[in-house]
Amino acid sequence: MWRCALPPLLRYPSVDELGARAHALVARRPREARLRRVGTSRAGTPLWLLSVGHGSRQTLVVAGPHANEPVGGATVLRLAERVLADPRLHEGADATWNLLLCLDPDGLRRNEGWVHGPYTLGGYFRHFFRPGFLEQPEWLPDGAAGATLPETRALLDLQDELRPFLQCSLHGVDVGGGFVELTHDLPGLARRVAHTAARLGIPRELGPYDTLYWPELGPAVYRIPMPRRGDLAAAITEAAVESTWFHPHRHGTVTAVVEAPMWGVAAVEDGAPHADEETVLRMVSHTLRHDTRVLERLLERLRPHLPAGPETARLLAPVDDYLLVCPGLADAWDPDVEVPVGVHPFPPLSTAHLAALRIAGRRLALRTAGLLHQLVRGAGRDPAGALPELDRLLDEWCEDYRDGCGARWIPVARQVEYQSRVVLAAFELAGRYAPARSRSGESGWNAGAAVPMHRE
């Protein structure tokens, strides 16, 4: 058994706590661990890389790529402690663990209204922040050469410097279950994920809506299609757009995107056929269409009263992104809407798929309402009288997650243990696979259908 030298994290760490705990770890173990600044955020926050071990084989673990997903920061601290406690994970494996504490520290700071708890759905969505698509540092809408965000450039440079055999990107699912997305198969990972999830009481998501057309490598493990240029709708729905997940593949890197849920929903693990698929799809699409119209009307009332400036623009960017894609998604999910030419119909859907679609539609509405709520609060006045209606919508929709979907909070310590165990499993399996792995330019790399969401 290994033991943490630092007190265990029972809540998510803030940006400052991440740095402080990493500095304390290095001070305690200076021979094995070191900390260096690998970049600076747009707001001037250091991007810290914690490295453990001195092996020739590099592993890169990226925490905090999405601002509203703080579990990764706690996970990299847990991984550092575990690697230090077990020489087999560095000396025995000839490995160096490179742990990027937070890729988007500015965005994480904007979520600190809820990251310390209490952990309630209402508190989370009222303080939710995630930047617009063009400001998310893992995405490369103009390719690597056109990347302008300093956080993105720092990650790309780090990937090219380290040439890791394994990259893990740590993400969090707000409501749903855990799953893994891979750029190349790691045989045996699905079994490891199942064992870990069962031991920790974490539901596995057997039909995430963003992997609907992706090859399945095993239950809750999916292969990311090769990147291709897509529209904004495809990008927001996490389709196979260009990203830092694929950038290091020229070096033979395998990337694992490890998703850990905050609120678990049992239905996302139900792979059985549903008795009335069309009724559920009709309900989900009609609900999303209705909620979008309500939110569009609220935004129309609010816009004339919002102060001009960067703060308003920062919150409006994701609002506009979400409202842009919602109607198209509602049509794509509606069995009464004819499938246009060039758009693929649904594959066979299980109860898990339908649960994930219901959660996804509600998520888009809740995020938009939460951002609008912050816009009104930030303005310091509510001449449009929107705040009571936004509070009512947030309360009703969160209640639907709790009572309608059965969303239940998973303690932070369990989220972290789940995610760290999955990363360690990927490390072991990628280490076995590394000597024979293909490179992205070779035949057979990532073979299989690659249809981003509902579009070619």
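## Aromatic pairs

The structure holds 16 aromatic pairs. Rings of Phe, Tyr and Trp (its six-membered ring) count as a pair if their centres lie within 6.5 Å; planes under 30 degrees apart are stacked, over 60 edge-to-face, and the rest tilted. In the pair of Tyr-12 and Trp-114, the ring centres are 5.8 Å apart and the planes stand at 80°, so this pair is edge-to-face. The pair links distant parts of the chain, 102 residues apart: Tyr-12 belongs to the segment before helix H1 (15-28), and Trp-114 to the loop between H3 and H4. Tyr-12 is buried, with a relative accessible area of 0%, and Trp-114 is buried, with 3%. Buried here means under 20% relative accessible area, exposed means over 50%, and partly exposed lies in between (1.4 Å probe, protein chains only).

Trp-263 and Trp-409 also form an edge-to-face pair, 4.8 Å centre to centre with 65° between the planes. Trp-263 lies in strand E9 (residues 254-264) and Trp-409 in strand E10 (residues 408-409), so the pair ties together parts that are 146 residues apart in sequence. Trp-263 is buried at 4% relative accessibility, whereas Trp-409 is partly exposed at 25%.

## Basis of the model

This is a predicted model, in which local features need pLDDT of at least 70 and side-chain atom pairs count only at pLDDT 80 or more, while totals for chains, interfaces and linings use all residues. Residues are numbered from 1 along each chain as its sequence is written, and side-chain values use heavy atoms, with hydrogens and water left out.

## The protein as a whole

The secondary structure comes to 12 helices and 10 strands. Helices (H or I, at least four residues) and strands (E, at least two) are DSSP runs, numbered from the N terminus. Of the 456 residues of the protein, 60% count as buried. The accessible surface is about 17500 Å², and 53% of it belongs to carbon and sulfur atoms; such areas come from the Shrake-Rupley method with a 1.4 Å probe, and for residues only the protein chains shown count as cover.

Among the contacts with a separation of 6 or more, 81% are between residues 24 or more positions apart. A contact means heavy atoms within 4.5 Å.

## Arginine residues over aromatic rings

The charged end of Arg-57 sits over the ring of Phe-165, 4.2 Å from its centre. Arg-110 lies over the face of Phe-129, at 4.5 Å from the ring centre. A charge is said to sit over a ring if NZ of Lys or CZ of Arg is within 6 Å of the ring centre and within 35 degrees of the ring normal.

Arg-57 is found in strand E3 (residues 57-62) and is partly exposed, at 25% relative accessibility. Leaving aside neighbours within four places in sequence, Arg-57 is in contact with Ala-93, Asp-94, Ala-95, Thr-96, Phe-165 and Gly-431. Arg-57 and Thr-96 are 39 residues apart in sequence, yet 6.1 Å apart in space, C-alpha to C-alpha.

## Backbone exceptions

Most residues other than glycine have a negative phi, and most peptide bonds are trans. Asp-94, one of the contacts of Arg-57, has a positive phi of about 50° although it is not a glycine. Asp-94 is located in the loop between helix H2 (71-85) and strand E4 (95-100) and is partly exposed, with a relative accessible area of 35%.

Ala-220 likewise has a positive phi, near 70°. Ala-220 is placed in the loop between strand E7 (216-218) and strand E8 (221-223) and is buried, at 0% relative accessibility. A cis peptide bond, with omega about 0°, joins Gly-117 and Pro-118. Pro-118 is in the loop between helix H3 (105-110) and helix H4 (121-126).

Helix H9 (residues 310-333) has 24 residues and reaches 35 Å from its first C-alpha to its last, close to the expected 34 Å. The expected span is 1.5 Å times one less than the number of residues. A kink of about 30° lies at Cys-326 in H9, shortly before the proline Pro-327; the bend at a residue is the angle between axes fitted to the seven residues ending there and the seven starting there.

The 22 residues of helix H12 (residues 412-433) should span 32 Å, and the end C-alpha atoms are 31 Å apart, which agrees. Of these residues, 16 are buried, so H12 is largely enclosed by the rest of the structure.
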